[in-house]
Amino acid sequence: MSGEESRELAASIAKLRSGCNLIKRFCILCLVGFTASWAVLLALTIFDLVAVGFDGEKIRAVLYILSHGLIISSLLVISVQIFSGIVAGESPFTMKQVWRFRVSALLLFVLVLVEALLAADFSHVMNVPNAHVAYDSVGPIEQASVDINITILFFTVIIFGVSVVFQYGNLLQRFSDETE
């Protein structure tokens, strides 16, 4: 590689690191803002539960807020870790990054389950409006539904696919390092 190509490559890497640093800072800002608002919401919901009395719907609401908040916070922490490694000059094609993407995909899948199980009641009939699959009860007593967010499931598959690409990149990088 010539000196000019080397300088252009170094400049491109510096721009990417700068962009990753901005994304990392945005993720930290989102993490702080989300965690603060989530903690307030959780505290108010628990206070309401204790002050007014325990019932199944309020307990389910607390469980939903708690689990949803933990999952989103964890996803934001992982995002910060992913971009921090790149800003620090680490190769993105490491098994650590692969596992971060896989944990993110798993957390997104768990988020779909949490939303489906805790956000609504269970029911029987299926319809598909827009990007959600909704199961609606048809019983005469009351209508209940469970929404399964297909969009999040789609992104779960994409993120898992990205982890496979990063694993492939890691293997190619190791192979290249061994042949030099």
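How many residues does helix 2 have, and how far does helix 2 reach from its first C-alpha to its last? The legends below, which describe a predicted model, begin with this helix.

**Figure 1. Helix 2 from end to end.** Helix 2 covers residues 56-87 and has 32 residues. From the first C-alpha to the last, helix 2 reaches 46 Å, which is close to the 46 Å expected at 1.5 Å a residue. Just after helix 2 comes Gly-89, whose phi is positive, at about 95 degrees.

**Figure 2. The whole protein and its order of elements.** The protein contains 4 helices and 3 strands. Read from the N terminus on, these elements follow the order α-α-α-β-β-β-α. The protein has 180 residues, of which 29% count as buried. Among the contacts with a separation of 6 or more, 62% are made by residues 24 or more positions apart. The protein exposes about 11500 Å², and carbon and sulfur atoms supply 70% of this area.

**Figure 3. Helix 1 and its buried residues.** Helix 1 is formed by residues 3-52, 50 residues in total. Its reach from first to last C-alpha is 72 Å, close to the 74 Å expected at 1.5 Å a residue. Which residues of helix 1 are buried? They are Cys-20, Lys-24, Cys-27, Leu-31, Trp-38, Leu-42, Thr-45 and Leu-49. The cover over the buried residues of helix 1 includes helix 2. Just after helix 1, Gly-53 takes a positive phi of about 130 degrees.

**Figure 4. The largest pocket and its lining.** Rolling a probe the size of a water molecule over the atoms shows where empty space is left. The largest pocket has a volume of about 170 Å³. Its lining consists of Ile-72, Leu-75, Leu-76, Ser-79, Ile-82, Phe-83, Phe-101, Ser-104, Leu-108 and Ile-159. Helix 2 and helix 3 (95-118) each supply at least two residues of this lining. Which helix gives the most to the lining? Helix 2 does, with 6 residues. Sorted by class, the lining has 8 nonpolar residues, 2 polar residues and no charged residues.

**Figure 5. Met-95 in helix 3.** Met-95 belongs to helix 3. Met-95 counts as partly exposed because its relative accessible area is 28%, a value that falls between the limits of 20% for buried and 50% for exposed. With neighbours within four places in sequence left aside, Met-95 is in contact with Gln-167 and Asn-170. Along the chain, Met-95 and Asn-170 are 75 residues apart, and their C-alpha atoms are separated by 6.9 Å.

**Figure 6. Val-165 in helix 4.** Val-165 has its place in helix 4, which spans residues 150-179. Is Val-165 buried or exposed? Val-165 counts as exposed because its relative accessibility is 52%, and exposed residues are those over 50%. The C-alpha atoms of Val-165 and Phe-93 are separated by 8.9 Å, and the two residues are 72 residues apart along the chain.

**Figure 7. Gly-161 in helix 4.** Gly-161 is another residue placed in helix 4. Its relative accessibility is 30%, and therefore Gly-161 counts as partly exposed. How far are the C-alpha atoms of Gly-161 and Ala-105 separated? The separation is 9.3 Å, for residues that stand 56 residues apart along the chain.

Conventions. Residues are numbered from 1 along each chain as its sequence is written. This is a predicted model: local features need pLDDT of at least 70, side-chain atom pairs count only at pLDDT 80 or more; totals for chains, interfaces and linings use all residues. Side-chain values use heavy atoms; hydrogens and water are left out. Buried means under 20% relative accessible area, exposed over 50%, partly exposed in between (1.4 Å probe, protein chains only). Contact means heavy atoms within 4.5 Å. Accessible areas come from the Shrake-Rupley method with a 1.4 Å probe; for residues, only the protein chains shown count as cover. The expected span of a helix is 1.5 Å times one less than its number of residues. On a 1 Å grid over the protein atoms alone, a cavity is a set of points where a 1.4 Å probe fits but cannot get out, and a pocket is an open set with protein on both sides within 12 Å along at least five of seven lines; lining residues have an atom within 4 Å of a point. Grid points are joined across faces, edges and corners, and a volume is the space filled by probe spheres set on the points. Ala, Val, Leu, Ile, Met, Phe, Trp, Tyr, Cys and Pro count as nonpolar, Asp, Glu, Lys and Arg as charged, and the others, Gly among them, as polar.
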